[in-house]
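User: I have a chain open here and would like to talk through parts of it with you. Could we go through it piece by piece?

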Amino acid sequence: MKAKKMTLAAVLTVAALLTASCGNKQQRGANEANNAEQTATAAMEIDTLLANAEALSGKEVTIEGVCTHTCKHGATKIFLMGSDDTKTIRVEAAELGSFDPKVVNSIVRVTGTLKEQRVDEAYLQNWEAQLKANAGEQHGDGEAGCDSEKKARGETGNTPAERIADFRAKIAAQKEKTGKEYLSFYYMEASSYAVEQ
């Protein structure tokens, strides 16, 4: 009888240990799933992206912001705003083709690759040559260009000549300050997007 009691006690102990072990595995699995879900759903704010753009250039990132504008030429570009309208980034549809024009005033989450566009003297001379040949791409309403694009790049000029002069002044200031003879503007090429609101 004593042997049966020990056997029963041993069986109960092993069962309790197995139950605790399985419970810990289930809890661990649930925690890992929650962490993975939080990581998958975490999106970088626009302000943070722009503050760290140089280090993130060429990398895939997920961002979230309010869409303030879609390009009128087929919605191939949208603009997402951060904490205010001075913190804006252009997002190009790239392989997606286009965005749904109804995303304006919605919170949009975009995953894609952050790209750098450099504006230097060669870029400006090319722009001037295109203007002379009347082959410059028109974007926005008239020759002033897209207001959202200009705001995202901090432009103040209204005509192409004023915009080019503004860039030259900013490049000169940049060279004096950092030694760089170009301006960097960052944008994203989207690989996916979703409307959050």
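User: Where is V195 placed?
Analyst: This is a predicted model, and in it V195 belongs to strand β6, which covers residues 182–195.

User: Is V195 buried or exposed, or partly exposed?
Analyst: V195 has a relative accessible area of 42%, so V195 counts as partly exposed.

User: And what does V195 touch, not counting residues up to four places away in sequence?
Analyst: With those residues set aside, V195 touches V103, S106 and I107. V195 also has a C-alpha to C-alpha distance of 9.5 Å to C67, although the two are 128 residues apart in sequence.

User: Zooming out, how many helices and strands are there in the chain?
Analyst: The secondary structure comes to six helices and six strands, and along the sequence these follow the pattern α-β-α-α-β-β-β-β-α-α-α-β. Of the 197 residues in the chain, 28% count as buried.

User: Now α4: which residue caps its N-terminal end?
Analyst: D120 does, with a side-chain oxygen that lies 3.3 Å from the backbone nitrogen of A122. After the helix comes N134, whose phi is positive, near 55 degrees.

User: How do the axes of α4 and α6 cross?
Analyst: The two axes come within 11 Å and cross at roughly 170 degrees. Angles over 145 degrees count as roughly antiparallel, and α4 and α6 are therefore roughly antiparallel to each other.

User: Which residues meet there, between α4 and α6?
Analyst: From α4 the residues are E121, L124, Q125, W127, E128 and L131, and they meet P160, R163, I164, F167, R168 and I171 of α6. By residue class, the contact of α4 with α6 divides into seven nonpolar, one polar and four charged residues.

User: Staying with α6, is D166 buried or exposed?
Analyst: D166, which is placed in α6 (residues 160–178), counts as buried because its relative accessibility is 15%, where the cut-off for buried is under 20%. Leaving aside neighbours within four places in sequence, D166 is in contact with G154, E155, T156 and G157.

User: Switching topic, what joins the side chains of Q117 and Y123?
Analyst: A polar contact of 3.4 Å joins them. Q117 lies in strand β5, residues 107–120, and, apart from neighbours within four places in sequence, Q117 is in contact with R90, Y123, R153, L183, S184, F185 and Y187.

User: One more thing, backbone angles: what is the phi of A94?
Analyst: Phi of A94 is near 50 degrees, which is a positive value in a residue other than glycine. A94 sits in the loop between β4 (88–92) and β5, and with a relative accessible area of 45% A94 is partly exposed.

User: And what about N105, where is that found?
Analyst: N105 is found in the loop between β4 and β5. N105 has a positive phi of about 70 degrees although it is not a glycine, and at 66% relative accessibility N105 counts as exposed.

Note on methods: Residues are numbered from 1 along each chain as its sequence is written. This is a predicted model: local features need pLDDT of at least 70, side-chain atom pairs count only at pLDDT 80 or more; totals for chains, interfaces and linings use all residues. Side-chain values use heavy atoms; hydrogens and water are left out. A polar contact is a pair of N or O atoms within 3.5 Å; within protein, one must be able to donate a hydrogen and the other to accept it, and residues adjacent in sequence count only if both atoms are side-chain atoms. Helices (H or I, at least four residues) and strands (E, at least two) are DSSP runs, numbered from the N terminus. Buried means under 20% relative accessible area, exposed over 50%, partly exposed in between (1.4 Å probe, protein chains only). Contact means heavy atoms within 4.5 Å. Axes are lines fitted to C-alpha atoms, for helices over the stretch in contact, and angles run from 0 to 180 degrees between N-to-C directions. Angles under 35 degrees count as roughly parallel, over 145 as roughly antiparallel, 65 to 115 as roughly perpendicular and the rest as oblique. Ala, Val, Leu, Ile, Met, Phe, Trp, Tyr, Cys and Pro count as nonpolar, Asp, Glu, Lys and Arg as charged, and the others, Gly among them, as polar.
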